[in-house]
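Please keep the sequence and the structure in view while reading.

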Amino acid sequence: MATDVKLPELGEGVAEGELVKWLVKPGDSVKADQPIAEVLTDKATVEVPSPVAGTVGELKFKPGQVVKVGSTMITLANSHEGGAAKPAAAPAPAAAASKPAAPAASAPAAGGGKVQDVKLPELGEGVAEGELVKWLVKPGDSVKADQPIAEVLTDKATVEVPTPVAGVVKEVKFKAGDVVKVGSTMITLEGSGSAPQAAAPAPAAQASAPVAAAAKAAPAAVANGIFPPVADSKVLATPATRRLARETGIDINSLSGSGLAGRVTREDVLSAGGGAAPAVSAKAPAAGGISIPKPAYQGPAGAIEERVPLMGIRKRIAENMQRAKHIIPHFTIMDEAKVDAMVAMRESLKEHAEKNGTKITYLPIVMKALVSTIREFPQFNASIDDAAGEIVYKKYFNLGFAADTPTGLVVPVIKNVDQKTILEISKEILDLSKRARDGKLKPDEMKGATITVTNIGSIGGTYATPVINHPEVAILGMYKIDEKPVIKNGQLSSIKVMNYTMTADHRLIDGAAAARFLAAFISRIENPGKLLVEML
């Protein structure tokens, strides 16, 4: 029996990965759970196991290609269960997610009386799921093709989900607040029979309908790559068209769309005076769903240059940094700490740490001081939920730390720092740092941070302005220890100092609060005894 081995889910919200390399080749025999490939997600390289044993047939992708979750990677001939059923179940959800929008949206209307599933279609590039905000229909309702049936919240916006066919709602599968994966059945329709509007292109009269009416009309052809409109949008348009309108100074809401169901097209924008969009690529989607200009670069004629694709972790870093700087109004405050006492404490603990199989750096001490300070200033351990208009105060203390790796910056996370000793934190830091450099971190080891520490002290630099790791609202920077001359009691002497920076989200944290926070933090760094007293 032949079995398709599909790319399983690689983590929450991860919709695709870049194939790094194959670990098998055609003709190889593989066991159940044996890794068959390495795939790079937005933050780490993960090994993909085969759920069953068999003989490798065709490899469906080449290294460097992007593989969507649920796509068939290889086919195994003579496959059979390998006995160990536990990980073999892992690809199952992926298989379910592998039937996304296309089947739902493109499903032709069957004859009357047939029961048909309406699935959550693709909501945008890289969007794997959405939260059900509310139903717009209920069991027993008759719906028309393209009628919105629900509002779903993605990480980008609230969108209305239309039904591709008409019928009577038989059952709704989720309740408000549930997270629905793309491709999951949302409702079942009984007696569905109307053909999708994709088969009936918008007539001229519809195209010239008022903007408001066009916005009300649901998009017809999701299967054709037209995504549902944003619920509060005034007009229908693709993200690229909206971006073009912004970049060319056209109010897209003032346009009447000539596209399907009154959709405003790129041509509409250009006809309205938008002209071409010079030096701006219109083909690339916005990073993280946010429209960010992507200006082209043209070097001097004849200059010696080399172009390489922006991909992998470097591409993700670029997108994350752009998103963070786009969303968060940053500001940074800096100060200096006298660290003679902390240096002495670390020296006194070295032998004890070595006997316990680890070594102590300053980072775990800083983390404990940071947690103690956060207890005083809870707004530094929070996030802003822009979609809901709420501040989320977190009652747990997961600290990320920026790790420099050969492939770029990654941020492993130490979970529940408040519940661990300095020795335990030290061991975790060493373990996560090594696996980060080796590209072996698991996705869940890099998510869930509530605040991040970046330490470039070992490399150099006096101060920096670190970028906040969205959706966090602050990041602490620590720098190298140096000696500084001081005059005390008329005598010249030297003290050890260490610089710290606090970059904060100005939407939530005022400058005065940041200054107080940094002062309170430094007081603990300068007085480790106070820190020890506060430890649980």
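At what angle do helix 10 and helix 11 pack, and how far apart are their axes?

## Helix 10 against helix 11

Helix 10 and helix 11 (residues 422-437) pack at about 125 degrees, and their axes are 9 Å apart. Helices here are DSSP runs of H or I with at least four residues, strands are runs of E with at least two, and both are numbered from the N terminus. Axes are lines fitted to C-alpha atoms, for helices over the stretch in contact, and angles run from 0 to 180 degrees between N-to-C directions. Helix 10 is therefore oblique to helix 11; angles under 35 degrees count as roughly parallel, over 145 as roughly antiparallel, 65 to 115 as roughly perpendicular, and the rest as oblique.

On the helix 10 side the contact is made by Leu363, Pro364, Ile365, Met367 and Lys368, and on the helix 11 side by Ile422, Ile425, Ser426 and Ile429. Contact means heavy atoms within 4.5 Å.

## Basis of the model

The model is predicted: local features need pLDDT of at least 70, side-chain atom pairs count only at pLDDT 80 or more, and totals for chains, interfaces and linings use all residues. Residues are numbered from 1 along each chain as its sequence is written, and side-chain values use heavy atoms, with hydrogens and water left out.

The average pLDDT (the predictor's confidence in each residue, from 0 to 100) is 78 for the chain, and 76% of the residues score at least 70. Over residues 82-112 pLDDT stays under 50, and the model has 55 contacts beyond four places in sequence for them. Residues 194-233 also stay under 50, with 86 such contacts.

## Helix 10 against helix 12

Helix 12 (residues 511-526) also meets helix 10: the axes come within 9 Å and cross at roughly 135 degrees. That angle makes helix 10 oblique to helix 12. From helix 10, Val366, Ala369, Leu370, Ser372, Thr373, Ile374 and Glu376 meet Phe517, Ala520, Phe521, Arg524 and Ile525 of helix 12.

## Nonpolar cores

A nonpolar core is a set of buried Ala, Val, Leu, Ile, Met, Phe, Trp, Tyr and Cys residues joined through side-chain atoms within 4.5 Å. Buried means under 20% relative accessible area, exposed over 50%, and partly exposed in between (1.4 Å probe, protein chains only). The largest core has 60 residues, of which Met367, Leu370, Tyr500, Ile509, Phe521 and Ile525 touch the most other members. Helix 10 (residues 362-376) gives the most to this core, nine residues.

Not counting residues up to four places away in sequence, Met367 touches Leu399, Phe401, Ile414, Val417, Ile425 and Ile429. A second, separate core of 20 residues includes Leu10, Val24, Ile36 and Val56.

## Two individual residues

Glu131 lies in strand 10 (residues 129-135). Is Glu131 buried or partly exposed? Its relative accessible area is 35%, so Glu131 is partly exposed. Beyond four places in sequence, Glu131 is in contact with Glu151, Val152, Leu153, Gly177, Asp178 and Val179.

Lys325 belongs to helix 8 (residues 312-327). Lys325 and Val467 are 142 residues apart in sequence, with C-alpha atoms 7.2 Å apart. Neighbours within four places aside, Lys325 contacts His330 and Val467.

## Whole chain

The chain contains 13 helices and 26 strands. Of its 536 residues, 45% count as buried.
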